Amino acid sequence: MSVSVQNITKIYGTQKALDDVSFNIQSGEVVGFLGPNGAGKSTMMKIITCFLPQTSGKVTVCGYNVEEQSLEVRKNVGYLAENNPLYLDMYVKEYLAFIAGLHHLKNPAKRIQEMIDVTGLQVEQKKKIGALSKGYRQRVGLAQALMHDPKVLILDEPTSGLDPNQLQEIRNLIVNVGKEKTVILSTHIMQEVEAICGRVIIINKGKIVADKSTKDMKSMETNIT
């Protein structure tokens, strides 16, 4: 089991962001976490990646408990947050070297070049991140998420705000990555799930309302609003 979520509830004050959510994701699956804004998608992803503690319930990633073994979880997870926080004054290659250093990689130069090649950053690698288009910033975000070769990749709204060309390029990149890793991506667009994922979990108002293969969901509306 790659990711196991059991009876997760998250309460902010009087608001219940997640309400008894449970699902399992097997190794190698590419799963879309679909729902409207405010449904609880980002909260669930932050719990899986150890950024937020749950109020109740249990999550394990690659067999490690997110509360009791958070360092082991983080070694196995790559995370691209929705707002893709980057150091805009750093050069692309400089930033990736910084990320490699955080992970104490044995051969950082080789891995950095691999990530530049995988994410298509060759032409932009000597530029400052602040000078890049949003599409290329997303590539930098994906490169940092993949730097330590995680088994599980968590992507929160990875194509939000991209133009059509950038959108297709990032989708293709995620599909290729998904051939080797477990991928969970959040979105509110059904087309996104159909283009990338083999399975979709739909969440609304903090509750799971559907969990089926993408093929079974194609008759649903394009956007959940």
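## Salt bridges

A salt bridge is a side-chain nitrogen of Lys or Arg within 4 Å of a carboxyl oxygen of Asp or Glu. Side chains of opposite charge can pair when their charged atoms come close. The model described here is predicted, and a search of the whole structure finds eleven salt bridges. One of them joins Glu114 to Arg111, with 3.0 Å between the closest N and O atoms. These two residues are three apart in helix α4, and therefore about one helical turn separates Glu114 and Arg111. Glu114 is partly exposed, with a relative accessible area of 31%, whereas Arg111 counts as buried at 16% relative accessibility. Arg111 and Glu114 also belong to a network of salt bridges that includes Asp149 and Lys181.

A further salt bridge is formed by Arg139 and Glu169, whose closest N and O atoms are 2.7 Å apart. Because Arg139 lies in helix α5 and Glu169 in helix α6, the pair ties together parts that are 30 residues apart in sequence. Arg139 is buried, with a relative accessible area of 11%, while Glu169 is partly exposed at 41%.

Asp211 forms a salt bridge with Arg199, and here the closest N and O atoms are 2.8 Å apart. The pair links distant parts of the chain, with Asp211 in strand β10 (residues 207-213) and Arg199 in strand β9 (residues 199-204), twelve residues apart. Asp211 is partly exposed, with a relative accessible area of 36%, and Arg199 counts as buried at 12% relative accessibility.

## Helix α6

Helix α6 spans residues 164-177 and has 14 residues. From its first C-alpha to its last, α6 reaches 20 Å, close to the 20 Å expected at 1.5 Å a residue.

Which residues of α6 are buried? They are Gln166, Ile170, Arg171, Leu173, Ile174 and Val177. Seen down the axis of α6, these buried residues fall within an arc of 160°, so they line one face of the helix. The face turned away from the buried side of α6 carries the exposed residues Pro164 and Asn165. The buried residues of α6 pack against the helices α4 (108-118), α5 (134-146) and α7 (190-196), and against the strands β7 (152-156) and β8 (182-187).

Arg171 is one of the residues placed in helix α6. Its relative accessible area is 13%, and therefore Arg171 is buried. Setting aside residues up to four places away in sequence, Arg171 touches Gln191, Glu192, Ala195 and Ile196.

## Helix α3

In helix α3 (residues 92-102), the buried residues are Val92, Tyr95, Leu96, Ile99 and Ala100. They cover an arc of only 140° around the axis, which puts them on the same side of α3. Among the elements that cover the buried residues of α3 are α4 and α5. Just after α3, His104 takes a positive phi of about 55°.

## Nonpolar cores

The largest nonpolar core has 39 residues. Which members touch the most other members of this core? They are Tyr95, Leu96, Val140 and Leu155.

Not counting residues up to four places away in sequence, Leu155 touches Met45, Leu80, Leu142, Ile174, Val183, Ile184, Leu185 and Ser186. A second, separate core of 27 residues includes Val61, Ala81, Ile184 and Ile203.

## Thr182 in strand β8

Thr182 has its place in strand β8. Is Thr182 buried or exposed? At 2% relative accessibility, Thr182 counts as buried, because the cut-off for buried is under 20% relative accessible area.

The side chain of Thr182 takes part in polar contacts. One is with the side chain of Ser2, at 3.1 Å. The side chain of Thr182 also reaches the backbone nitrogen of Gly28, at 2.9 Å. Leaving aside neighbours within four places in sequence, Thr182 is in contact with Ser2, Ile25, Gln26, Ser27, Gly28, Glu29, Lys151, Val152 and Leu153.

How values were computed:
Residues are numbered from 1 along each chain as its sequence is written. This is a predicted model: local features need pLDDT of at least 70, side-chain atom pairs count only at pLDDT 80 or more; totals for chains, interfaces and linings use all residues. Side-chain values use heavy atoms; hydrogens and water are left out. Helices (H or I, at least four residues) and strands (E, at least two) are DSSP runs, numbered from the N terminus. The expected span of a helix is 1.5 Å times one less than its number of residues. Buried means under 20% relative accessible area, exposed over 50%, partly exposed in between (1.4 Å probe, protein chains only). The arc is that of the directions from the helix axis to the C-beta atoms. Contact means heavy atoms within 4.5 Å. A nonpolar core is a set of buried Ala, Val, Leu, Ile, Met, Phe, Trp, Tyr and Cys residues joined through side-chain atoms within 4.5 Å. A polar contact is a pair of N or O atoms within 3.5 Å; within protein, one must be able to donate a hydrogen and the other to accept it, and residues adjacent in sequence count only if both atoms are side-chain atoms.
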